Amino acid sequence: MTTSAISDIYYDPYDVRLNADPYPMFKRLREELPIYYNEQHDFYAISRWADVNAGLLDTGTYSSARGAILELIKAGIEMPPGILIFEDPPVHDIHRKLLSRMFTPRKIRELEDKIRQFSVRSLDPLVGTGRLDFIADIGAQMPMRTIGMLLGIPEADQEAIRDFANDQMRTEEGQPMKAASEGMATGDIFAAYIDWRTEHPSDDIMTELLNVEFEDETGTVRRLTREELLIYVNVVSGAGNETTTRLIGWAGKVLAEHPDQRRALVENPRLIPNAVEELLRFEPPAPHVARYVTRDVELHGRTVPEGSVMMMLIGAANRDARQFPPDGDVFDIHRDTRQHLTFSVGTHYCMGSALARLEGRIALEEILARFPEWEVDTANTKLSPTSTVRGWETLPAFTS
């Protein structure tokens with residue numbers, strides 16, 4: 001491959017036009033430049049499934065301790081304890097173990113009836129109106145109520161909490177996150193709820209976190225500090241809202257573009273779990289994640305020096321035909337999705353993945369039962385302005 005042949009290959013996570021549809025560029029990166037360097041923003045990027053999978057597993061070489069977002073790593077800000085995705089073992093493992101007991105398979109299964117009630121409550125009023133906004137009407141509602149219930153946030157306050165979490169992710173178009181210049185959010189918005197739960201314990205995550213005892217990295221058995229509590233609750237709140245909202249939005253868009261497959265789901269709802277998996281592969285809510293490179297690395301004949309930032313292009317890896325033959329750019333609800341990387345892998349595998357899958361399945365079941373056909377109102381759709389996750393701010397549709 002000559003230099004001139006690849007000189008027009010350019011990937012920039014802040015480029016709004018490029019990120020409206022990054023997949024043609026992702027394909028070129030995979031096939032022509034599997035180790036890519038962006039001079040303007042000073043980062044490297046890998047795009048093939050095998051490379052991204054190996055990189056996510058190698059926490060010794062690719063560290064999360066300085067953040068998992070390009071602009072945060074570049075800013076060099078200190079990460080407060082308890083932000084799991086911004087930690088390496090052994091501290092990460094200690095903090096993860098604390099939260100994992102709150103997301104056991106049994107606890108997730110027990111949520112199905114409540115999640116279905118939240119979905120029905122959102123969708124029933126829309127039957128016969130001829131309209132459905134996959135974000136405003138269901139994507140921003142059901143996940144918010146689910147994670148609010150789990151945390152113990154009063155329903156009257158849940159929208160404000162959701163909007164606070166979303167604002168941490170939003171950016172001006174083409175710009176990095178505010179946290180890169182202003183520092184990470186402390187979670188102070190949750191202080192009053194924690195104070196209330198201290199006096200009025202309940203069956204929720206906040207109460208569990210208040211009372212849990214653990215052995216920290218120094219060998220000391222203790223409870224979480226107030227700062228740690230606030231960070232934990234902030235992390236759970238943000239993660240619980242953002243990903244599933246994006247998933248539901250992409251379901252509306254992608255299934256409208258594949259009406260034959262949507263019809264198959266209506267006729268056979270047992271296909272829905274695999275359809276959710278294929279949606280997660282085909283349009284991952286977080287198309288990339290960044291790491292700090294702790295040592296010189298040789299990749300595809302090029303040296304990536306210690307101290308670099310490595311962007312792992314999950315959206316590109318998820319469409320790699322080497323892992324998803326014959327063509328990863330084809331959406332197919334019947335596909336053997338194998339191991340996509342949407343929920344990461346290894347140490348940082350998403351703890352909330354089972355909850356996101358459950359919410360996605362229930363949302364699709366309830367949407368398709370009421371609205372077997374829809375057409376996206378493309379003139380009024382809007383992509384969300386963020387450099388970290390990719391999805392819809394609004395996705396209105398005409399229903400029949």
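This is a predicted model: local features need pLDDT of at least 70, side-chain atom pairs count only at pLDDT 80 or more; totals for chains, interfaces and linings use all residues.
1. Residues are numbered from 1 along each chain as its sequence is written, and side-chain values use heavy atoms, with hydrogens and water left out. Helices (H or I, at least four residues) and strands (E, at least two) are DSSP runs, numbered from the N terminus.

2. Helix 15 (residues 226–257) packs with helix 19 (residues 353–370) at an angle of about 40 degrees, their axes being 10 Å apart; axes are lines fitted to C-alpha atoms, for helices over the stretch in contact, and angles run from 0 to 180 degrees between N-to-C directions. That angle makes helix 15 oblique to helix 19, since angles under 35 degrees count as roughly parallel, over 145 as roughly antiparallel, 65 to 115 as roughly perpendicular and the rest as oblique. Thr244, Leu247, Ile248, Ala251 and Leu255 in helix 15 meet Ala356, Glu359, Gly360, Ala363 and Leu364 in helix 19. The residues of this contact comprise seven nonpolar, two polar and one charged, with Ala, Val, Leu, Ile, Met, Phe, Trp, Tyr, Cys and Pro counted as nonpolar, Asp, Glu, Lys and Arg as charged, and the others, Gly among them, as polar.

3. Helix 19 also meets helix 8 (residues 112–123), and the axes of helix 8 and helix 19 come within 10 Å and cross at roughly 40 degrees. Helix 8 and helix 19 are therefore oblique to each other. The residues of the contact of helix 8 with helix 19 divide into eight nonpolar, one polar and seven charged.

4. In helix 16 (residues 259–267), the buried residues are Gln261, Arg262, Ala264 and Leu265. They cover an arc of only 155 degrees around the axis, which puts them on the same side of helix 16; the arc is that of the directions from the helix axis to the C-beta atoms. Among the elements that cover these buried residues are helix 15, helix 17 (272–282), helix 19 and strand 11 (374–376).

5. Helix 13 (residues 191–199) has Ala191, Tyr193, Ile194 and Arg197 buried. Seen down the axis of helix 13, these buried residues fall within an arc of 160 degrees, so they line one face of the helix, whereas Ala192 and Glu199, on the other side of helix 13, are exposed.

6. A cis peptide bond joins proline 89 and proline 90, with omega about 5 degrees, and another cis peptide bond joins proline 325 and proline 326, with omega about -5 degrees. Serine 344, although not a glycine, has a positive phi of about 65 degrees; serine 344 lies in the loop between helix 18 and helix 19 and is buried, with a relative accessible area of 13%.

Conventions: Contact means heavy atoms within 4.5 Å. Buried means under 20% relative accessible area, exposed over 50%, partly exposed in between (1.4 Å probe, protein chains only).
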